[in-house]
Amino acid sequence: MADQSDARQLRVTIGAAPRAQANFDVKHQMTLKANSANWSEKFYVSKARTTRAGSGVAVNITAASAGGTKATVHFPQGHILSSSAADGTVGYTTSIASKKINPKAKTTYAYTFTKPGYIPGA
């Protein structure tokens, strides 16, 4: 099992002036299986600390993996960051043989932020 923690910050600017900010943490916990090439990951998104118009910002999270590995995200898409914390999972399936290492199975996460009246950003 491996744990990783990241602090994230969303900052909205119009011209040179910041209009909104949302600070939140994302924690990942990956569990590998000794008898399977498939694995899973749990993640946690903290409740955001917001300033100005940062309240009400929603997040969608996706994951993509390469080398014949498929990542499937289970998360309440459209979750409002300032409302509460949220948990999610990523399930990974691969075509590589059990007990082998797939060096191309690097995962990329994408966060898309939306709020009514604003243009979406990532």
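Start by selecting strands E3 and E8 in this predicted model: E3 and E8 (residues 86-94) run antiparallel, and seven bridges join them.

Now show the side chains of E3, residues 39-45. In a regular strand, side chains alternate between the two faces of the sheet. Here the covered face carries Trp-39, Glu-41, Phe-43 and Val-45, while Ser-40, Lys-42 and Tyr-44 sit on the uncovered one.

The structure holds three aromatic pairs. One of them is Trp-39 with Tyr-92, a stacked pair at 4.7 Å centre to centre with 10 degrees between the planes. Since Trp-39 belongs to E3 and Tyr-92 to E8, the pair ties together parts 53 residues apart in sequence.

Last stop: select His-79, in strand E7 (residues 79-80). His-79 has 11% relative accessibility, so it counts as buried. What does the side chain of His-79 reach? Draw a distance to the backbone oxygen of Ser-84 and you'll get 2.7 Å. Then bring up the surroundings: setting aside neighbours within four places in sequence, His-79 is in contact with Val-57, Ala-58 and Val-59, and also with Ser-84, Ala-85 and Ala-86.

Key: Residues numbered from 1 in each chain as written. Predicted model: local features only at pLDDT ≥ 70, side-chain atom pairs only at ≥ 80, totals over all residues. Heavy atoms only, no water. Buried < 20%, exposed > 50% of the residue type's maximum accessible area, 1.4 Å probe, protein only. Helix = DSSP H or I, 4+ residues; strand = E, 2+ residues; numbered from the N terminus. Pairing = 2+ DSSP bridges. Polar contact = N/O pair within 3.5 Å; in protein donor to acceptor, adjacent residues only side chain to side chain. Contact = heavy atoms within 4.5 Å. Phe/Tyr/Trp six-rings, centres within 6.5 Å; stacked < 30°, edge-to-face > 60°.
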